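These are my notebook entries on one structure. I set down what I looked up, entry by entry.

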Amino acid sequence: MMRTPAATVSPFLAVSALLLLLVASSVAANGYGGGDAPAGASGYGGHDDAPSGPKGDGGQDGGYQMPAYQKPVDGLDAGYYRKSCPDMEGIVQRAVKKALDADYTLAASLIRLFFHDFAVRGTDASVLIDVPHQSERYADASKTLRGFDLIEEIKTELEAKCHATVSCADILAAASRDAATAVGVPDWSLKYGRKDGKDSIAGEADRYVPMGGQSVTELIAFFESNGLSIIDLVVLSGAHTIGRATCGAVKPGLCDRRRAGAVERQYADFLQRKCVAGGDGEYVELDGETPTAFDSQYYKNLMRERGLLDTDQKMLPDSRTGGFVRAFANQPSQIFIHLFAQSMRKLGEVQVLTGNEGEVRRKCSAVNY
Ligand code: HEM
């Protein structure tokens with residue numbers, strides 16, 4: 001593998017992150033101060049904060065049960081392409097680096113593309129299928145997604161070098177990891193062997209991908225039903241420390257919060273002016289303070305009522321998520337980004353197709369025929 005050596009996290013930070021995670025997990029598992037129980041939050045067994053109980057499948061004698069995400073996923077393996085396409089990771093990494101050298105903003109877009117893919121039928125590259133007006137790409141939720149061309153370019157190179165071998169789902173997982181590490185998230189090792197899905201339905205993207213307007217309860221239920229925990233929700237939402245949003249996506253929530261006096265005045269005025277001048281298609285930075293730095297400023301912004309998306313800002317007053325927001329706002333950024341890497345790894349390992357499921361597409365934009 002020709003990957004550049006990983007950025008490393010000091011042992012002190014790794015231990016601090018672990019402690020924070022443990023404290024946070026136990027707090028969440030114990031009900032965390034009485035937030036409303038999320039609807040449907042029992043999920044499907046992958047919720048790592050859930051207290052152990054009879055329904056789990058990994059426990060022995062009622063003792064410790066390994067959280068679902070820590071169990072090896074059948075069919076995923078770090079050495080999956082070792083023989084069949086040994087330079088797979090190098091090819092992806094070089095292509096991502098070249099693309100980001102030309103356009104740094106693509107890093108945020110690749111991370112988001114990975115999340116949107118995950119949100120519908122797991123990480124199966126369904127978001128990449130291009131069937132006008134029908135596939136996920138054509139959903140309202142996908143309107144501002146970017147990065148499709150880069151993934152297709154990487155696929156073309158991989159097809160030339162290792163025909164019919166590397167799935168688009170694995171390419172997307174690797175590309176989003178490389179995008180994250182390029183903006184300062186510590187590297188994490190990926191397992192491969194995902195297969196590509198054959199279904200991609202625009203209506204499902206609009207139904208499942210959170211785009212704002214959801215309550216914290218709905219967000220928790222969505223994450224838990226996909227095998228992720230409350231802390232994953234708070235940590236992964238921290239992706240909004242980079243990138244941008246359209247005024248169209250921001251305005252409705254912002255207007256409501258402004259009316260309720262729940263947004264910092266000066267900041268609201270600034271956004272209002274920008275959006276009135278530029279219209280719904282105008283872009284605003286998701287983190288107005290340090291828009292290009294992958295840091296914990298996002299959480300500090302929430303503490304000052306400067307969250308751009310109402311779904312983000314709602315996490316502060318909610319008793320299930322607020323403690324995590326405050327903790328990340330008060331800790332060195334490295335703790336958040338270390339946990340971000342871990343949650344991204346989980347994102348790519350839940351609900352994946354492996355083995356004989358799905359297929360390895362020849363083109364990422366079309367199913368094989
Ligand atoms: C928890 C629920 C979430 C909601 C409601 C949400 C909503 C949004 C919205 C409305 C935008 C702006 C879209 C636009 O107007 O163009 C956005 C952008 C973004 N989201 Fe999320 N998001 C969520 C979770 C996530 C997660 C889990 C990740 C990644 C792990 C993520 C990564 C991003 C990134 C990086 C951008 C900026 C994209 C760019 O600059 O191209 N989001 N999100």
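Entry 1. Cys85 lies in the loop between helix H1 (11-29) and helix H2 (88-102), and Cys162 in the loop between helix H4 (148-161) and helix H5 (168-182), so the pair ties together parts that are 77 residues apart in sequence. The sulfur atoms of Cys85 and Cys162 are 2.0 Å apart. The criterion I applied for a disulfide is a pair of cysteine sulfur atoms within 2.5 Å. For burial I used relative accessible area: buried is under 20%, exposed is over 50%, and partly exposed lies in between, with a 1.4 Å probe and protein chains only. Cys85 is buried at 1%, and Cys162 is buried at 8%.

**Entry 2. Basis of the model.** I note that this is a predicted model, in which local features need pLDDT of at least 70 and side-chain atom pairs count only at pLDDT 80 or more, while totals for chains, interfaces and linings use all residues. Residues are numbered from 1 along each chain as its sequence is written, and side-chain values use heavy atoms, with hydrogens and water left out.

**Entry 3. The remaining disulfides.** How many disulfides does the rule give? The count comes to three. I next looked up Cys168 and Cys364, which are joined by a disulfide with an S to S distance of 2.2 Å. The torsion about the S-S bond of Cys168 and Cys364 is about -95°, so this disulfide is left-handed. Cys168 lies in helix H5 and Cys364 in the segment after helix H14 (333-347), so the pair ties together parts that are 196 residues apart in sequence. Cys168 is buried, with a relative accessible area of 0%, and Cys364 counts as buried at 2%.

I then turned to Cys247 and Cys275, which a disulfide joins at an S to S distance of 2.0 Å. The torsion about the S-S bond of Cys247 and Cys275 is about -80°, so the disulfide is left-handed. Cys247 lies in helix H9 (residues 247-259) and Cys275 in helix H10 (residues 265-278), so the pair ties together parts that are 28 residues apart in sequence. Both Cys247 and Cys275 are buried. With bonded cysteines counted along the chain, I recorded the pattern 1-2, 3-6, 4-5.

Entry 4. Which protein donor does the iron atom of the ligand have? I found that His240 (NE2), at 2.1 Å, is the only one. Donors here are N, O and S atoms within 2.8 Å of the metal (3.2 Å for Na, K and Ca); water is not among the atoms, so sites may look incomplete. I located His240 in the loop between helix H8 (230-237) and strand S1 (244-246).

**Entry 5. Aromatic pairs.** I counted rings of Phe, Tyr and Trp (its six-membered ring) as paired if their centres lie within 6.5 Å; planes under 30 degrees apart are stacked, over 60 edge-to-face, and the rest tilted. The structure holds 14 aromatic pairs. One of them is the tilted pair of Tyr81 and Tyr192, at 5.7 Å centre to centre with 45° between the planes. This pair links distant parts of the chain, with Tyr81 in the loop between H1 and H2 and Tyr192 in the loop between H5 and helix H6 (202-208), 111 residues apart. Both Tyr81 and Tyr192 are buried.

I also looked up Tyr298 and Tyr299, an edge-to-face pair at 4.8 Å centre to centre with 80° between the planes. Tyr298 is buried at 3% relative accessibility, and Tyr299 is buried at 0%. Tyr298 and Tyr299 belong to one aromatic cluster together with Phe294, Phe328, Phe336 and Phe340.

**Entry 6. Charges over rings.** I required NZ of Lys or CZ of Arg within 6 Å of the ring centre and within 35 degrees of the ring normal. Arg137 lies over the face of Phe148, at 4.0 Å from the ring centre. The charged end of Arg244 sits over the ring of Tyr283, 3.8 Å from its centre.

**Entry 7. The protein overall.** I recorded 14 helices and two strands; these are DSSP runs, numbered from the N terminus, with helices (H or I) of at least four residues and strands (E) of at least two. Of the 369 residues, 53% count as buried.
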